[in-house]
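Here are my notes on the model you asked me to look over. Have the coordinates open while you read.

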Amino acid sequence: MTNEWMLDVLADLRTFSVENGLTVTGKQIDLAMAVAAAEIASVKGMAPAMAHQGVADAGRLHRKAAAGANPRRTQ
């Protein structure tokens, strides 16, 4: 796990933003997550497989982060 921690941090920021009514910020973080996931994949040599996937698919790379799942947050 070299750079995947970034996706956890972005997921936390997204959750906080959405829960606090900052929906536009949350959407921008979704985009940032997609970019980060693509860059992380390219570093690992997986770029071709990830190239045509959207924000919703970025989470498959790391704990469904793009879908808003936050595995570290407890209810």
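The points below go from the overall layout to a few individual residues.

1. Ground rules first. This is a predicted model, so to speak of a local feature pLDDT has to be at least 70, and side-chain atom pairs count only at pLDDT 80 or more, while totals for chains, interfaces and linings use all residues. Residues are numbered from 1 along each chain as its sequence is written, and side-chain values use heavy atoms, with hydrogens and water left out.

2. Overall layout. The chain has 4 helices and 0 strands, and along the sequence that reads α-α-α-α. Helices here are DSSP runs of H or I with at least four residues, strands are E runs of at least two, and numbering starts at the N terminus. Of the 75 residues, 32% count as buried, meaning under 20% relative accessible area with a 1.4 Å probe, protein chains only (exposed is over 50%, partly exposed in between). Among contacts with a separation of 6 or more, 54% come from residues 24 or more positions apart; a contact is heavy atoms within 4.5 Å.

3. The α1/α2 pair. Helix α1 (residues 5–19) and α2 have axes that come within 8 Å and cross at roughly 170 degrees. That makes the two roughly antiparallel, the label for angles over 145 degrees. Axes are lines fitted to C-alpha atoms over the stretch in contact, with angles from 0 to 180 degrees between N-to-C directions.

4. Who touches whom. Met6, Leu13 and Val18 are among the α1 residues in this contact, and Thr23, Gly26 and Ala32 are among those from α2.

5. The core. Which residues make up the largest nonpolar core? They are Leu7, Leu10, Ala11, Ile29, Met33, Ala36, Ala37 and Ile40, 8 in all. Such a core is a set of buried Ala, Val, Leu, Ile, Met, Phe, Trp, Tyr and Cys residues joined through side-chain atoms within 4.5 Å. Both α1 and α2 supply at least two residues each, with α2 giving the most, 5.

Notes
Angles under 35 degrees count as roughly parallel, over 145 as roughly antiparallel, 65 to 115 as roughly perpendicular and the rest as oblique.
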